[in-house]
Amino acid sequence: MAGQKPPLLLIGCGNMGGALFDAWAAAGLAPSVVLDRKKESIPAPHRLVRSAAEIPADFTPSVIVLAVKPQTAAQAITDLLAARPDIAANATILSVMAGATTATIGAAMHGEGSVAPPVVVRAMPNTPSAIGRGMTGLFAAPGTPQASRALSESLLTAVGSTVWVEHEEQIDAVTAVSGSGPAYVFLLAELLERAGVEQGLPADVARLLARKTVSGAGELMDRSPDDAEQLRRKVTSPGGTTAQAIGVLAAKDAWPTAISEAVAAATRRARELAV
């Protein structure tokens, strides 16, 4: 993201919104506004407000980022348009919420100051965005101006890698695989640590081994041209210790079924959150 980024209004500055804003501010962001009731402070020249009514009357964002919980989005948008009915007239709406569709968001953000629903882009980043190693899936409806697509992508590449999906319902699968995915990896580290203790390792040793193994393997996979299956096979010598463990994990009723069912469950939940 070369050069200063255009001003934005960030609605919601929790874990994800905060991680995104910190990265954008560090990369160079025009004076922007964050609307959040719990955030303690943000760096100058940006402004923190507690309600939509506190947004400066002369502030016109190029992007409005919706980073609230889907269940609270409708009220947040209602409050915003009640205070500033024209604020979305010329802005790209970038949603990082699970579930809420572009059509629903566009209709809700259609304030008095615009003659047509605003442009909406959906994005699903994940928590490694906090360290610039995020993975974000993006969707924009056919006919979305290229400028809005490019602007949205440039904001998300500030926190990691991006990929566009062709159909909006695919964002639900993105949510299940990469949006929720870090939790699956953290669970793996948690269980490896526990298993190490069960096999007689001191807790601090098991913890270090598990964390460094998971993070190191992820870094190796990121840098290697080989796919995950090839990397796994390189570690798995026939008849060795790894093969013995993989035989347990790869049993039909073990990881292959559990991971598939877990991702399916997360995808279903994402669809249930659709509004």
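Me: Across which strands does helix α1 lie?

Reply: In this predicted model, α1 (residues 15–27) lies across β1 (8–11), β2 (33–35) and β4 (63–66). The helix runs at about 155 degrees to β1; axes are lines fitted to C-alpha atoms, for helices over the stretch in contact (heavy atoms within 4.5 Å), and angles run from 0 to 180 degrees between N-to-C directions. Helices (H or I, at least four residues) and strands (E, at least two) are DSSP runs, numbered from the N terminus. Residues are numbered from 1 along each chain as its sequence is written. Local features need pLDDT of at least 70, side-chain atom pairs count only at pLDDT 80 or more, totals for chains, interfaces and linings use all residues, and side-chain values use heavy atoms, with hydrogens and water left out.

Me: What follows α1?

Reply: G28 comes after α1, and its phi is positive, near 110 degrees.

Me: What is the strand order of the open sheet?

Reply: Two strands pair if DSSP finds at least two bridges between them. The eight strands are ordered β3-β2-β1-β4-β5-β6-β7-β8, with mixed pairing. At the edges, β3 (47–49) and β8 (160–164) each pair on one side only.

Me: How many bridges join β5 to β6?

Reply: Four bridges link the parallel strands β5 (residues 92–95) and β6 (residues 119–124). I93 stands opposite V120 in β6.
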